Amino acid sequence: MLKIRLQGTTKDIRWFKMILEKHSGIRVLQISDIFSNKGTNRYFRTYAEVERVERQE
């Protein structure tokens with residue numbers, strides 16, 4: 001399991017969240033709410049917990 005910190009604009013975070021959720025090799029366990037960063041009103045952060053999907057051949 002990996003815990004990933006995503007940082008950027010809310011638009012960029014939502015875009016990347018969609019990519020994570022659609023990827024067949026990744027299982028998204030949890031994505032946190034979007035938090036504001038201190039000192040800026042442009043950039044935000046969120047956290048995602050993901051794990052690799054084992055392929056069965």
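Tyr-47 touches Lys-3, Ile-4, Arg-5, Gln-30, Ile-31, Ser-32 and Phe-35, when residues up to four places away in sequence are not counted and contact is taken as heavy atoms within 4.5 Å. This picture comes from a predicted model, in which local features need pLDDT of at least 70, side-chain atom pairs count only at pLDDT 80 or more, and totals for chains, interfaces and linings use all residues. Residues are numbered from 1 along each chain as its sequence is written, and side-chain values use heavy atoms, with hydrogens and water left out.

- Tyr-47 has its place in strand β4, and with a relative accessible area of 27% it is partly exposed, a class that lies between buried (under 20% relative accessible area) and exposed (over 50%), as found with a 1.4 Å probe on protein chains only.
- Although Tyr-47 and Lys-3 are 44 residues apart along the chain, their C-alpha atoms are separated by 6.8 Å.
- Lys-3 belongs to strand β1, which covers residues 2-8, and Lys-3 counts as exposed because its relative accessibility is 59%.
- Beyond its neighbours within four places in sequence, Lys-3 is in contact with Tyr-47, Ala-48 and Glu-49, while Phe-16, 13 residues from Lys-3 in sequence, is 15 Å from Lys-3 in space, C-alpha to C-alpha.
- Phe-35 is found in strand β3, counts as partly exposed at 36% relative accessibility, and touches Phe-44, Arg-45 and Tyr-47 when residues up to four places away in sequence are not counted.
- From Phe-35 to Gln-7 there are 28 residues in sequence and 9.5 Å in space, C-alpha to C-alpha.

**Fold and overall form**

- The protein has 1 helix and 4 strands, which follow one another from the N terminus as β-α-β-β-β; helices (H or I, at least four residues) and strands (E, at least two) are DSSP runs, numbered from the N terminus.
- The protein is more spread out than a compact globule, because its radius of gyration is 13 Å, well over the 10 Å that the globule rule gives for 57 residues; this radius is taken over C-alpha atoms, and the rule is 2.2 Å times the number of residues to the power 0.38.
- The C-alpha trace of the protein spans about 50 × 20 × 10 Å along its principal axes.
- Among contacts in the protein with a separation of 6 or more, 55% are between residues 24 or more positions apart.

**Surface and charge**

- Of the 57 residues of the protein, 18% count as buried.
- The protein exposes about 4900 Å², of which carbon and sulfur atoms supply 48%; the areas come from the Shrake-Rupley method with a 1.4 Å probe, and for residues only the protein chains shown count as cover.
- The 12 positive and 7 negative charges of the protein have mean positions 9 Å apart, where Lys and Arg count as positive, Asp and Glu as negative, and His and the chain ends are not counted; each charge is placed at NZ of Lys, CZ of Arg, CG of Asp or CD of Glu.

**Confidence**

- The average pLDDT of the protein, the predictor's confidence in each residue from 0 to 100, is 94, and 98% of the residues score at least 70.
- Confidence is lowest in strand β3 (residues 35-36), at a mean of 94, and highest in strand β4 (residues 44-52), at 97.
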